[in-house]
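Visitor: I would like to go through the ring packing and the core of this protein. Please take the questions one at a time.

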Amino acid sequence: LQSNSCCIGQDFVEGPEEEATIKTTGNSYLASPSLPDFNGCSPGWSSAFYGAECFDSEVHSYLKNLGKQKSSESQNMDAKKVELEQLLMMETKNYRKTRKFYQKLLQKERRSKGPENKSMLSKLRGQLQEMKSKVQFLELVKKYQMMYAEQWGVESCVLPTVIHNGKTDTMDMAPVDESSLLLYYNAEKHQCNNQNGVRVLQAGTPLGLMAYLYSRNAFLEGYVQQFLYTFRYFCTQEEFLQFLLDRISSTLSSASLDPSTSLTKICNRSFCILQAWIEDCYSVDFATNTGLLCTLKEFISSKVASLNGYGEKLLSLLEDASARKSGSADQCSSMDKCEEEGEEGRKTLHSLCKKLSEDVPRKNFYWKLSKGVGPIAQYQRERLHTSSAVLPKPCTLTEAKVDAVGPYLLTEYSAQQLCWQLTLLQQEVFLKCHPVHFLNSRALGVKDKCAALQKAVSTETVSLKVCNLFLSKCIQDQYLLQLLRNADSISTWVAAEIVTCHTTKRQVSLLSKFLHIAKCCYEQRNFATAMQILAGLENLIVRQLPAWKILPAKVAEIMEELKAVEVFLKSDSLCLMEGDRFKTLPTIPSAHVLAMHVQQLETGGFTMTNGAHKWTKLRNIAKVVSQVHAFQENPYTYTPDFKLQSYLRQRITRFKDADISALAADNCANFHQIPAEKHSRKIQDTLRRMKATFQ
């Protein structure tokens, strides 16, 4: 969908016909962003990742042809929207029907195993992939259409006017021309429609970078989304909000009905930027800063709501965002939300996703070192288990029962089943994180080695003056520490379960189980849990256990595979975004590895010799962290086993702060056995007899 062939033209508005549709018919110049369009101002992660290539010529031409009953008819934005909504609804409905039919056929094939069903399943899998791609394309077209904010973009020569319109701005007002605000470099002529090449933003002052949000095509080129991810490096949330409110205050009363005037464009673009900020970053900026939220609400209630209906929409947007923050936010695409209501749909949903994931050749993971042609036989047998084995069960385990069962329950479940439930548990904490959480992690005490984190999570002991890259008054959400503590807890649990086994035979069995779970996790692209298990197995005490010497060779090879996966993840910050697999298959990255990649990009100065902030550096950081939202759009849909999840949670909680060396000291199976006393006495007797013969 995001091809490199060419990009859209410089103007969002196509011609006089479309330009005419921008003009309002009411008494308010802010009536153009209608209520249905109000919720679609955020450009999304794809804008930050692909930049100007997010919406290619295919998207542009497709939208251009929408709403035309005949070739001679003029374009109409309302007709485009209606037709696009109908197409998207129809394609989504067909996709869901085909998916349900595939689920039923899949269950029938498992019972009968006939050749006819196999050929039909193969065709349906291809159709499902095509349908899903079509729906994703239509959603991209819809996002492009909803970017009405580009109607209010201004030319670069008008940017100084944007700054001076903030009459109450307390920031430095000295720069008066564009050259003192922003620094560009001329890119080579590439495949866009611009024959003279394009100017690419290289650096800018904080005031200039904020003013550039008002430039033409700032939304479509990805600048707005990249700015929302990274502005905390050069300005605080309060300064950014005040910048927007000052532009609204100075233009709200004097803006005319003519959308072509600069005052109208500045006012409307300010509202669009504010809306996009709320939609995308409410959880990291407004939810954690009550003062910022109160300032915004007071301004809207006192100055905006009385003049037009836009203020009421913003207040409603803030209430909705607050409700989503307090509840469990499920960030998935519209076509992948749970539409199967009832028991039968829930029983078969994970079978489809599992089968589609299996069909992708796993040999694409070039780090794989196993010599066999495929997964081992035991792993293959585990994949034949029906969904009834992991259906939700109402019963839960008490702490007493968990202690009584101990690690033995792990052997009763297959590696596949444990992988599913650990993945769902990991997904719960991953869906709550935000790309901004991975920025400035040094200030939170996050270091290169995970082992050092456990002793440095206390923010009171961290010297923020030394390593804080954000402005000193910038409030930072510390959810990343919760993610990393959760990862450490799982690693400690893995090590504790192994060293508390009282026999070497059981240790070998548990080592084998965890290795196969980790293998299953990385093959299903749950790299977070896979790396957490690897960290537990690489614990110094665990690596010295005698059980490793009698571990089967094929199982021991999995350890080398996991190390190769770790090297692969550390090799490139965007390795998981290569190709199209991340668009169709769920993915959970390793939080610590991603944080280390961001720290590497943060190394070095953020400013040039003239004090301008390097936008090229900030843009690269935004591109890397945008993959968090990309992965959250495609969640895992395994059926939860609440009994098993309850057991896993309680075992992880029990061992999260355990001292592995102390646990290992109480278990004789963790030590290499020395010769028995009886055997030693026998040697001494032999030596005594030999000595007697020489006397």
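Visitor: Which residues does Phe240 contact, leaving aside its neighbours within four places in sequence?
Guide: The model is a predicted one. Contact here means heavy atoms within 4.5 Å. With neighbours within four places in sequence left aside, the contacts of Phe240 are Met210, Leu213, Phe227, Leu228, Phe231, Cys235, Ile273 and Trp277.

Visitor: Are the rings of Tyr214 and Phe243 stacked or edge-to-face?
Guide: A search of the whole structure finds 21 aromatic pairs. For Tyr214 and Phe243 the centres are 6.2 Å apart and the planes are at 65°. Planes over 60 degrees apart count as edge-to-face, so this pair is edge-to-face.

Visitor: Where in the chain do Tyr214 and Phe243 lie, and how many residues apart are they?
Guide: Tyr214 is in the loop between α7 (206-211) and α8 (223-230), while Phe243 is in helix α9 (residues 237-252). The pair links distant parts of the chain, with a separation of 29 residues.

Visitor: Is Phe243 buried or exposed?
Guide: The charged end of Arg247 sits over the ring of Phe243, 3.9 Å from its centre. Buried means under 20% relative accessible area. Phe243 has 1% relative accessibility, so it counts as buried.

Visitor: How many residues apart in sequence are the parts tied together by Tyr233 and Phe606?
Guide: The two rings are stacked, at 4.8 Å centre to centre and 20° between the planes. Tyr233 is buried with a relative accessible area of 4%, and Phe606 is buried with 12%. Tyr233 lies in the loop between α8 and α9 and Phe606 in the loop between α26 (591-602) and β3 (613-614), so the separation is 373 residues.

Visitor: How many of the 20 residues of α21 are buried?
Guide: Helix α21 (residues 504-523) reaches 29 Å from its first C-alpha to its last, close to the 28 Å expected. The helix is largely enclosed by the rest of the structure, because the number of buried residues is 16.

Terms used. Residues are numbered from 1 along each chain as its sequence is written. This is a predicted model: local features need pLDDT of at least 70, side-chain atom pairs count only at pLDDT 80 or more; totals for chains, interfaces and linings use all residues. Side-chain values use heavy atoms; hydrogens and water are left out. Rings of Phe, Tyr and Trp (its six-membered ring) pair if their centres lie within 6.5 Å; planes under 30 degrees apart count as stacked, over 60 as edge-to-face and the rest as tilted. Helices (H or I, at least four residues) and strands (E, at least two) are DSSP runs, numbered from the N terminus. Buried means under 20% relative accessible area, exposed over 50%, partly exposed in between (1.4 Å probe, protein chains only). A charge sits over a ring if NZ of Lys or CZ of Arg is within 6 Å of the ring centre and within 35 degrees of the ring normal. The expected span of a helix is 1.5 Å times one less than its number of residues.
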